[in-house]
Amino acid sequence: MSSRLIARKLRDLALMLGAAPQKPTPEDMTEEARELLAFKKSPEERKRRKAAIENERAEAVQSHKWRMIRWASIFAVNGLFVASYWIDLQLVEGALTASRVLGFHFADVNSSLQLMLAHKHVVINLVIGVTTVLLIYAVLGGRTFCSWVCPYHFLSELAEMVHLKLMGKKLVRDHELDRRLRIIMFFVFAVLAFVSGYPLFEAISPVGILSRALTYGTIIGLIWVGLLLLAEIVWSRRLWCRYVCPVGLGYGLAGIVAPVRVMYDATKCLHEGKCRQVCLVPHVLDITKLSFAREVETPIGVDCTRCAMCIDVCPTGALTFDIVGLARSGADDKSEEEGA
């Protein structure tokens with residue numbers, strides 16, 4: 001595994017844990033990236049890129065292909081739990097936080113940790129379930145759960161649409177918080193579970209609340225979910241997912257070696273910033289800013305949810321899905337495969 005690849009992985013982890021993206025120095029860039037940057041800063045290329053951006057904005061054509069596919073995935077996965085319970089198929093038992101599918105145990109990383117800390121002993125079935133889930137997301141990409149499975153993500157997207165419309169009318173404004181709050185909340189919930197003997201996070205997590213409400217019809221917790229969504233509409237965009245929920249941290253760590261990723265090609269980028277505007281975790285797309293890419297082709301970091309909204313809005317195909325070994329993608333792919 002090359003030193004450049006190791007450095008990139010460490011930067012990705014730091015970003016996930018709350019570090020601010022850093023603009024690279026010329027020495028941090030590959031020779032190919034430096035040459036591309038010099039070309040893009042030339043007067044002729046600046047003029048061409050500006051004209052291309054104006055033309056793209058005038059056409060205002062945007063795809064929603066991947067959003068529709070993701071929503072279908074969320075409905076399919078959660079619908080399977082509902083159908084299995086109410087029709088008594090017994091194919092899927094439980095909820096998203098812990099379930100058994102065709103006899104195989106699945107368990108959410110954070111929920112299982114909370115439960116074992118609360119009861120102060122290791123539950124073998126949860127360990128098996130967590131291992132199974134981590135192996136899946138080590139292939140698909142860590143935070144794929146957040147955008148392709150989580151039912152709250154769907155509702156939060158709808159709330160975000162309302163929030164942006166209200167912002168456009170200057171009725172509300174977004175309050176950005178420190179992303180390191182997620183790390184603090186992870187330890188706070190862990191300590192509370194251990195001290196109190198009760199997995200408090202499970203009581204307030206909208207993921208578990210919605211999954212149980214859909215499957216078993218328990219609706220009292222939906223009041224809390226409604227309040228969270230209201231806060232996201234009028235106060236802070238994607239409040240729960242961006243700044244509070246610690247679920248994505250475990251999955252992000254699992255996905256550090258994932259072969260499925262979103263790939264960025266700087267040669268095709270206009271740097272107009274539409275991708276960052278729609279991204280749930282826009283810090284992972286800072287490399288799309290002019291002068292921020294260390295390599296010509298770079299996989300988006302481990303905090304990426306693979307939601308593909310950036311792919312939907314990118315007018316030039318600079319962002320695409322990629323699988324290591326099946327497509328030519330970055331200068332370090334060969335090194336990554338050899339070092340895996």
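User: In which hand does α11 pass α12 in their crossing, and how should I read such a pair of helices in general?

Analyst: Two packed helices are described by the angle between their axes and by the distance between those axes. In this predicted model, α11 passes α12 in a left-handed crossing, and the two axes come within 9 Å and cross at roughly 130°. That makes α11 oblique to α12, because angles from 65 to 115 degrees count as roughly perpendicular and those over 145 as roughly antiparallel.

User: Which residues of α11 and α12 make the contact, and how do they divide by class?

Analyst: On the side of α11, the contact is made by Pro206, Ile209, Leu210 and Ala213, and on the side of α12 by Leu222, Trp224, Val225 and Leu228. By class, this contact of α11 with α12 has eight nonpolar residues, with no polar and no charged ones.

User: At what angle do α8 and α11 pack, and which residues are in contact?

Analyst: Helix α8 and helix α11, the latter spanning residues 206–216, pack at an angle of about 105°, with their axes 8 Å apart. That makes α8 roughly perpendicular to α11. From α8 the contact takes in Pro151, Tyr152 and Leu155, and from α11 it takes in Pro206, Val207, Leu210, Ser211 and Leu214. The residues of this contact of α8 with α11 divide into seven nonpolar, one polar and no charged.

User: How do α8 and α12 cross, and is the crossing left-handed or right-handed?

Analyst: The axes of α8 (residues 151–168) and α12 (residues 222–234) come within 8 Å and cross at roughly 35°, and the crossing of α8 and α12 is right-handed. Helix α8 contributes Tyr152, Leu155, Ser156, Ala159, Val162, His163 and Leu166 to the contact, while α12 contributes Val225, Leu228, Leu229, Glu232, Ile233 and Val234. By class, the residues of the contact of α8 with α12 divide into 10 nonpolar, two polar and one charged.

User: How many bridges pair β1 with β2, and how many join β2 to β3?

Analyst: Strand β1 pairs with β2 (residues 98–101) in the antiparallel sense over four bridges, and Gly94 has Ser99 in β2 as its bridge partner. These strands, β1 and β2, form a hairpin with two residues between them. Four bridges also join β2 to β3, which run antiparallel, with Val101 having Phe104 in β3 as its bridge partner. Strands β2 and β3 form a hairpin as well, with two residues between them, and Leu102 in that turn has a positive phi of about 50°.

User: What is the strand order of the sheet that holds β4, β5 and β6, and which are its edge strands?

Analyst: Its three strands form an open sheet in the order β5-β4-β6, with antiparallel pairing. The edge strands are β5 (297–299) and β6 (319–323), each of which pairs on one side only, and the twist averages 35° from one strand to the next. Three bridges join β4 (residues 260–265) to β5, and these strands run antiparallel; the bridge partner of Tyr264 is Thr298 in β5.

User: Where in the protein is confidence lowest and where is it highest?

Analyst: Confidence can be read as an average over the protein and then element by element. The protein averages a pLDDT of 90, and 96% of the residues score at least 70. Helix α2 (residues 31–40) has the highest confidence, at 97, whereas helix α17 (residues 333–339) has the lowest, at a mean of 41. Over residues 328–340 the pLDDT stays under 50, and for this stretch the model has 26 contacts beyond four places in sequence.

Terms used: Residues are numbered from 1 along each chain as its sequence is written. This is a predicted model: local features need pLDDT of at least 70, side-chain atom pairs count only at pLDDT 80 or more; totals for chains, interfaces and linings use all residues. Side-chain values use heavy atoms; hydrogens and water are left out. Axes are lines fitted to C-alpha atoms, for helices over the stretch in contact, and angles run from 0 to 180 degrees between N-to-C directions. A crossing is left-handed if the near helix is turned anticlockwise from the far one by less than a right angle, and right-handed if clockwise. Contact means heavy atoms within 4.5 Å. Ala, Val, Leu, Ile, Met, Phe, Trp, Tyr, Cys and Pro count as nonpolar, Asp, Glu, Lys and Arg as charged, and the others, Gly among them, as polar. Two strands pair if DSSP finds at least two bridges between them. pLDDT is the predictor's confidence in each residue, from 0 to 100. Angles under 35 degrees count as roughly parallel, over 145 as roughly antiparallel, 65 to 115 as roughly perpendicular and the rest as oblique.
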